[in-house]
Amino acid sequence: MPAKKYLVTLTTEERQALLKLTSSGELSVRKMKRAQILLKADENWKDKDIIAALNTSRSTVERVRKRYVEGGLDKALKARRRKAEHDLAKGHDFFGHHITS
């Protein structure tokens, strides 16, 4: 098996922040799962074990790892804007038509 391309190494402050977040009970399900993935990845869990423990997909684990390494903790925890949300924010409907008011 090839070595991991994106290794998660949390600082003490990041780990404490994630532990506090996950114990608060005020997170969205997606953000909670991302935080748990980061904590387990930092503890050197194998992806297959993270997937089984958190009932998630390999692509989710890999994407969270990549976003943490490339953009830090905030980027890894925050949801990426979906295309439909982006289109609506730019004044387009579901089919890409411009919405006029």
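In this predicted model, glutamate 14 is buried (under 20% relative accessible area, with exposed meaning over 50% and partly exposed in between, for a 1.4 Å probe and protein chains only), yet glutamate 14 has no salt bridge, a term for a side-chain nitrogen of Lys or Arg within 4 Å of a carboxyl oxygen of Asp or Glu. The nearest side chain of opposite charge, that of arginine 15, is 8.9 Å away, where Lys and Arg count as positive and Asp and Glu as negative, with His and the chain ends not counted. Residues are numbered from 1 along each chain as its sequence is written, and side-chain values use heavy atoms, without hydrogens or water. Local features need pLDDT of at least 70 and side-chain atom pairs count only at pLDDT 80 or more, whereas totals for chains, interfaces and linings use all residues.

Glutamate 14 lies in helix 1 (residues 12–24), helices being DSSP runs of H or I with at least four residues, numbered from the N terminus. Its side chain reaches the backbone nitrogen of threonine 11 at 2.9 Å. Beyond neighbours within four places in sequence, glutamate 14 is in contact with Thr9, Tyr68 and Leu73, contact meaning heavy atoms within 4.5 Å.

Arginine 67, in helix 4 (residues 58–77), is likewise buried without a salt bridge, and the nearest side chain of opposite charge, that of glutamate 70, is 7.8 Å away. The side chain of arginine 67 reaches the backbone oxygen of lysine 78 at 3.0 Å. The buried residues of helix 4 include Arg67, Tyr68 and Leu73, and what covers the buried residues of this helix includes helix 1.

Notes:
Helices (H or I, at least four residues) and strands (E, at least two) are DSSP runs, numbered from the N terminus. A polar contact is a pair of N or O atoms within 3.5 Å; within protein, one must be able to donate a hydrogen and the other to accept it, and residues adjacent in sequence count only if both atoms are side-chain atoms.
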